[in-house]
Structure formats: structure tokens, C-alpha cells
Amino acid sequence: PPCAVPFVHHKQEPRFSGSNQASRVKKPFLSCAALHRPGRFLCSPRKMGKDGGGDGLEVPLLKRTYYHGNCPGCRLEKRNETRRGVPYTEFACMWLVTVCSTLPIQSLFPFLYFMIRDLHIAKQVEDIGFYAGFVGASYMLGRALTSTIWGIVADKHGRKPVLVITLIAVITLNTLFGLSSSYWMALTTRGLLGLLSGMLGPIKAYATEVCRKEHSHLALSLISSSRAIGLIVGPAIGGYLAQPADKYPGMFSQESIFGRFPYFLPCLCISILAVAALISCIWLPETLHKHNEATDSNNSIEAMEESLSDSNAEESSGGYWSLFTNWPLMSAITVYCLFSLQDVAYAEVFSLWAVSDRKYGGLSFTSTDVGSVLALSGLFLLIYQILIYPSVAKAIEPITLVRATAILTLPLLASYPFMTTLSGFNLQLVVNCASSLKNSFQVTTITVCNILMNDAVSQDLRASANGLSVTLMSIFKAVAPAVAGVIFSWAQRRQTASFLPG
């Protein structure tokens, strides 16, 4: 029957993407016949403007009514059509997988200073930070080499296999790192762990696909908060459980495996948690569509539906290389990389600085003290993410929020050198408050960047886009520990210098 929906004579003006006039690409329009094709789409009335014209019309509601029975992505979409609520089971499993894959990244920082000392690679105490920087950088360097490849694999073969491979790598290689008997073994196992840790990009794409679109921002916020918690709780585990024979002699003897390998216990505990996360993957459905669109007679209509379903997504016809000309995506990635660089540099230098002797400008903390600070920061971060961040995100525009956190971070970091003049309860209070604020600013920025990146691309390139962001971010994070370790070691040698004293 004739369509009663005002559709600007059943055509839409061509829409453009991108800011460069020369690179603008026309988006397809839907005809009335396409909208009413049997068994495919439904259209809903569009609101007319006050003048009765086409201005102010809403985008037509397009609804998929045909699904491939053997496609896991179609099955999930069909289920999401009828399930309106939040998918708590998938979100809980996704949270556990993300936390467990993130725990090893920075869990070594509280005990890395002592580990390098015990491996007898540094000839002087001042050189420990130099060698520690390369161990911290090896993971990020390995991840930088393979993150894009893992993103492409996830777009072709599915998100879930990449998650499983990452968890298996955590279980095996993180355990071997705790058993390192030489500096080169520690360096190698960390590098291999980074090579096989490819889930960060795919899990962001997965988060937006496993639920209905209205819950996608909640899912991405969950990923950011779980990663932030993992980056905080990981070092806390390392600080509390490293050197157990010295800290808890009543439970662990010097002759036991935990006495002979004093940094094995925290690594083993993280690996056991990763086993639980691997089991939870049973309840995670695959979200990638696995059917040949070329055999679908209405394949062009589905492509147009995907194009129109997300007005913020860029055209994907150019494939992977089109991501480099997607300026909203590249802008978000740039901010993401810069904040990631300073965050990792801060994480390593904070632990090294805190456990250093006061004569070198440190706080003379033990690894347990560092673990306590990080554990309290993680608890505050969890409260912030659940109770405070949602209200802040609704009240402030994303770009304004990023600018505000960047400005507030500068004086906060500049205040750390003055903490060495404090002691006792005052020192603990100030350090805990500063650490909590720093991590809250960081998770806010990362969450906003993840939302902007996912909104900038369509589904078929989402894992690749996140893989690209992880690759570039990992390069920055690989540089950060090495450079931060060298600068920290150099600063400790210049405590009494007249120019730029440590």
C-alpha cells in the first residue's frame, strides 16, 4: 500500500561524514519500497516540524525482522529485541574477564624494585630504576606489536576466541613470571604476555554489541571501571602478597616455594582468578555476525540499515584504512594515548618513589604500605564509578569533562614532591587522597574516550578501531615505563644538584 509517512518524496538529502569537503562520502537513502519490503523492515511515522515540512523529522525506526538461524550475532540481536532490561549476567562475566586480564599489567610495580635488586642485575642501587623500566615496558611493547592484529582477528573470527586466548596467556605466562630466576626470564615472560594479550580492543566492541543500544554507555563505563579497578587492585595484590616468607613467617617458610620465589604468590593468585574468568566465558555469547552477506538478496538494504542506525558512525566502505581518515576517531585516540602515557609513568614512578629511601627523595614505604594506598584508591574508585561518575557524566559534556580533569591533574601531580616533608598520619592521609583523586580523574578520561571512539565507527570496524587504539596506546605505554624509569634513576642521582634537583 502507498506509504503515508512523509519522507521528503521518499528520498533524503545525501548526508556527509568527515570535515574535509574532498573526502565526503554520500550515504545511501532508503526508498519507500525498501522500507516496506516484506519480512525485512518496519517504518514508524516521523514527526513533522511546526511548518509541516521535513525539518525536525525524526529518523525512521528500522527494525530487523529476518535473522540467520546459525549466526550467533543474529541470535543475540533477536534476543535483545525482546529483552528490555540490563543483561546482568553478561555484564558480570564481562566485568570479571576484564578485571582478571588487567590485574597482571601493573601488579608487579610494588615489588619490581625489590625483584630487580634480588635478581642482581643492577650494579648500584641507583641503577635499579633503569632496569625496572624495561621490565615494565616489555608488556606494553609486546601488546603494541599485536593489538591491531587481534582486533582484525576479532572482526573476522569473533570476539570470544580472543578473550579466551588472552586469559590462557595470563594463566600461564603470569605464573612463569612469578617463577623468574633471572632478569632475562622476567623480561621475556612479560613480553610474551603482552604479545598474547589482545582482548582490550575486542572487549570494548563486545560491550556495545552484547546489549541493547540504550545500555551501551553503561557497558563501556563498566569496562573502563573494571580496567581501572584491575590496575589498582593488581598492585595492591602485588604489594600485600610479595615476599610472603618475610611478611608472614608463621604461614610461609623460607624453604617453601614461596620462600625460594618471593614474588610467586601474587602472580599465582592472579592466575587462579584468571581461571575463574575463563570458566565464566561459558556464559558470554558471541556477538559477531557470521553469515555471508553476499548470499543475501537484500544485503544492500541491511547495509543501509547499519549505516542509518548510528548517525555518528563513519562510513566503513573504505575498510580498515578508512580509520586513519576518521578524524573524530583519531582525535579521541590521541587524547586516549596521551592520558595513558602519563598514567603508566605515574603508576611506575609512584611505586618506585614511595619505596625509595628518604635520602633519595622517597617516602621509605614498604611494599605493604604501597599496597594499602592502592587498595584504598581502588575502593574509592569503585564508589566513584557507581555513585558519582553517572551524575557527573549527565551534568557535564564529555569534552568539557576531559578538559576539566586534565587541568585538575596538573596541580595534583605537582604537589607530590612536597609530601616528603610530612610523616605519620598526615602523610598517609595526603597520599591516599592524592592517589584516589588521580585515579578518579584517569578513569573519567578513559571512559569518555572509549565512548567517543565507539561512537565514531560502525559495528563491522569497531574491534579493528579499538585494536588500533590499543596498538597506539600500547606504544605510548611501552615508552612511558622505560622513560620514567630512566628519569627517576637520573633524578635520584641529582638530589643536591643546583639545576633541576631530583
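**Figure 1. Charged groups placed over aromatic rings.** The charged end of Lys438 sits over the ring of Tyr346, 4.8 Å from its centre. A charge is said to sit over a ring if NZ of Lys or CZ of Arg is within 6 Å of the ring centre and within 35 degrees of the ring normal. Arg190 likewise has its charged end over a ring, that of Phe177, at 5.6 Å from the ring centre. The model is predicted: local features need pLDDT of at least 70, side-chain atom pairs count only at pLDDT 80 or more, and totals for chains, interfaces and linings use all residues. Residues are numbered from 1 along each chain as its sequence is written, and side-chain values use heavy atoms, with hydrogens and water left out.

**Figure 2. A cluster of aromatic rings.** Phe130, Tyr131, Phe134, Tyr183 and Trp184 are linked into a cluster by ring pairs. Rings of Phe, Tyr and Trp (its six-membered ring) pair if their centres lie within 6.5 Å; planes under 30 degrees apart count as stacked, over 60 as edge-to-face and the rest as tilted. A search of the whole structure finds 14 aromatic pairs. One of them joins Phe130 and Tyr131 edge-to-face, at 5.3 Å centre to centre and with 90 degrees between the planes. Phe130 is partly exposed, with a relative accessible area of 34%, and Tyr131 is partly exposed at 23%. (Buried means under 20% relative accessible area, exposed over 50%, partly exposed in between, with a 1.4 Å probe and protein chains only.) Tyr183 and Trp184 also form an edge-to-face pair, at 5.2 Å centre to centre and 80 degrees between the planes. Tyr183 is buried at 5% relative accessibility, whereas Trp184 is exposed at 55%.

**Figure 3. The crossing of helix 9 and helix 15.** The axes of helix 9 (residues 216–241) and helix 15 (residues 367–395) come within 7 Å and cross at roughly 165 degrees. The two helices are therefore roughly antiparallel, a term for angles over 145 degrees, while those under 35 count as roughly parallel, 65 to 115 as roughly perpendicular and the rest as oblique. Axes are lines fitted to C-alpha atoms, for helices over the stretch in contact, and angles run from 0 to 180 degrees between N-to-C directions. Helices (H or I, at least four residues) and strands (E, at least two) are DSSP runs, numbered from the N terminus.

**Figure 4. The pairing of helix 16 with helix 17.** Helix 16 (residues 398–414) and helix 17 (residues 424–455) have axes that come within 10 Å and cross at roughly 155 degrees. Helix 16 is thus roughly antiparallel to helix 17. Residues that meet here include Pro398, Val402 and Leu412 in helix 16 and Leu437, Lys438 and Phe441 in helix 17.

**Figure 5. The surroundings of Ser489.** Ser489 lies in helix 18 (residues 462–492) and is buried, at 5% relative accessibility. Not counting residues up to four places away in sequence, Ser489 touches Glu126, Asp127 and Phe130. The C-alpha atoms of Ser489 and Val349 are separated by 9.9 Å, although these residues are 140 residues apart along the chain.

**Figure 6. Helix 4 and its end.** Eight of the 10 residues of helix 4 (residues 109–118) are buried, so helix 4 is largely enclosed by the rest of the structure. Its buried residues include Phe109, Tyr113 and Ile116. Helix 4 is followed by His120, whose phi is positive, near 60 degrees.

How values were computed: Contact = heavy atoms within 4.5 Å.
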